[in-house]
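Visitor: I would like to learn how to read a structure like this one. Where do we start?

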Amino acid sequence: MGAIVLTAILAAMFAAGGKGLIWSLPFYWATIVMVRAAGTDVGDFLAGRHMLGLALSTLVTGLAFVALLVVWKHRRTQPATAGE
(Lines give C-alpha, C1' and ligand atoms only; values in the text may rest on other atoms or scores of the structure.)
Protein backbone atom coordinates (compact mmCIF):
# COMPACT_ATOMS: atom_id res chain seq x y z
CA MET A 1 0.00 0.00 0.00
CA GLY A 2 2.88 2.33 0.76
CA ALA A 3 4.27 1.95 -2.76
CA ILE A 4 0.91 2.96 -4.22
CA VAL A 5 0.75 6.11 -2.09
CA LEU A 6 4.36 7.03 -2.86
CA THR A 7 3.83 6.41 -6.57
CA ALA A 8 0.80 8.73 -6.60
CA ILE A 9 2.76 11.48 -4.83
CA LEU A 10 5.71 10.97 -7.16
CA ALA A 11 3.47 11.14 -10.24
CA ALA A 12 2.03 14.45 -9.01
CA MET A 13 5.54 15.79 -8.45
CA PHE A 14 6.61 14.75 -11.96
CA ALA A 15 3.51 16.39 -13.45
CA ALA A 16 4.30 19.62 -11.63
CA GLY A 17 8.00 19.36 -12.54
CA GLY A 18 7.17 18.70 -16.20
CA LYS A 19 5.21 21.94 -16.33
CA GLY A 20 8.19 23.80 -14.89
CA LEU A 21 6.38 24.52 -11.62
CA ILE A 22 8.97 22.86 -9.42
CA TRP A 23 12.49 21.84 -10.25
CA SER A 24 15.15 22.25 -7.66
CA LEU A 25 17.57 20.38 -5.45
CA PRO A 26 14.88 19.60 -2.83
CA PHE A 27 12.65 18.19 -5.59
CA TYR A 28 15.51 15.96 -6.74
CA TRP A 29 16.17 14.59 -3.26
CA ALA A 30 12.47 14.13 -2.51
CA THR A 31 12.24 12.06 -5.69
CA ILE A 32 15.24 9.93 -4.69
CA VAL A 33 13.80 9.29 -1.22
CA MET A 34 10.35 8.36 -2.57
CA VAL A 35 11.66 6.03 -5.28
CA ARG A 36 13.90 4.22 -2.79
CA ALA A 37 11.13 3.93 -0.22
CA ALA A 38 8.66 2.60 -2.80
CA GLY A 39 11.27 0.15 -4.10
CA THR A 40 11.93 -1.13 -0.59
CA ASP A 41 8.20 -1.53 0.02
CA VAL A 42 7.69 -3.52 -3.20
CA GLY A 43 10.79 -5.62 -2.52
CA ASP A 44 9.59 -6.46 0.98
CA PHE A 45 6.18 -7.40 -0.41
CA LEU A 46 7.64 -9.70 -3.07
CA ALA A 47 10.08 -11.35 -0.67
CA GLY A 48 7.46 -11.81 2.07
CA ARG A 49 6.32 -15.16 3.40
CA HIS A 50 3.25 -15.40 1.20
CA MET A 51 4.86 -14.30 -2.06
CA LEU A 52 8.02 -15.40 -3.86
CA GLY A 53 10.60 -15.57 -1.11
CA LEU A 54 13.95 -13.82 -1.14
CA ALA A 55 15.81 -15.97 -3.69
CA LEU A 56 13.04 -16.07 -6.29
CA SER A 57 12.06 -12.41 -5.84
CA THR A 58 15.71 -11.40 -6.30
CA LEU A 59 15.88 -13.44 -9.50
CA VAL A 60 12.60 -12.01 -10.85
CA THR A 61 13.46 -8.39 -10.12
CA GLY A 62 17.00 -8.88 -11.47
CA LEU A 63 15.65 -10.31 -14.72
CA ALA A 64 13.12 -7.48 -14.97
CA PHE A 65 15.95 -4.96 -14.54
CA VAL A 66 18.08 -6.61 -17.23
CA ALA A 67 15.08 -6.75 -19.60
CA LEU A 68 14.47 -3.03 -18.99
CA LEU A 69 18.09 -2.24 -19.82
CA VAL A 70 17.94 -4.32 -23.03
CA VAL A 71 14.74 -2.58 -24.17
CA TRP A 72 16.17 0.83 -23.27
CA LYS A 73 19.39 0.18 -25.20
CA HIS A 74 17.44 -1.21 -28.17
CA ARG A 75 15.27 1.92 -28.32
CA ARG A 76 18.31 4.20 -28.19
CA THR A 77 20.06 2.41 -31.06
CA GLN A 78 17.07 2.43 -33.39
CA PRO A 79 17.43 4.97 -36.23
CA ALA A 80 14.88 7.77 -36.22
CA THR A 81 12.14 7.38 -38.79
CA ALA A 82 10.81 10.17 -41.00
CA GLY A 83 7.61 10.42 -38.93
CA GLU A 84 9.41 11.15 -35.64
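Guide: Start with one residue. Ser57 counts as buried because its relative accessibility is 5%. Buried means under 20% relative accessible area, exposed means over 50%, and partly exposed lies in between (1.4 Å probe, protein chains only). This is a predicted model: local features need pLDDT of at least 70, side-chain atom pairs count only at pLDDT 80 or more, and totals for chains, interfaces and linings use all residues. Residues are numbered from 1 along each chain as its sequence is written, and side-chain values use heavy atoms, with hydrogens and water left out.

Visitor: Where is Ser57 placed?

Guide: Helices (H or I, at least four residues) and strands (E, at least two) are DSSP runs, numbered from the N terminus. Ser57 sits in helix H3. The protein chain has three helices and zero strands.

Visitor: Which residues is Ser57 in contact with, leaving aside its neighbours within four places in sequence?

Guide: Contact means heavy atoms within 4.5 Å. With those neighbours set aside, Ser57 touches Leu46, Ala47 and Leu52. A polar atom of the Ser57 side chain also lies 2.8 Å from the backbone oxygen of Gly53.

Visitor: Is Thr31 buried or exposed?

Guide: Thr31 is buried, because its relative accessible area is 12%. Thr31 belongs to helix H2. Beyond its neighbours within four places in sequence, Thr31 contacts Leu10, Met13 and Phe14. Across the protein chain, 13% of the 84 residues count as buried.

Visitor: Which residues make the nonpolar surface patch?

Guide: Patches are made of residues with over 30% relative accessible area and no salt bridge; like charges are joined within 9 Å, and nonpolar side chains (Val, Leu, Ile, Met, Phe, Trp, Tyr) within 5 Å. A salt bridge is a side-chain nitrogen of Lys or Arg within 4 Å of a carboxyl oxygen of Asp or Glu. Here Phe45, Met51, Leu52, Leu56, Leu59, Val60 and Leu63 form a nonpolar patch of about 640 Å². Areas come from the Shrake-Rupley method with a 1.4 Å probe; for residues, only the protein chains shown count as cover. Helix H3 (residues 54-77) gives the largest share, four residues. Met51 lies in the loop between helix H2 (25-47) and H3. Met51 counts as partly exposed because its relative accessibility is 40%.

Visitor: Where is confidence lowest, and where is it highest?

Guide: pLDDT is the predictor's confidence in each residue, from 0 to 100. Helix H1 (residues 2-18) is lowest, at a mean of 78, and H3 is highest, at 87. The mean pLDDT of the protein chain is 79.

Note on methods:
A polar contact is a pair of N or O atoms within 3.5 Å; within protein, one must be able to donate a hydrogen and the other to accept it, and residues adjacent in sequence count only if both atoms are side-chain atoms.
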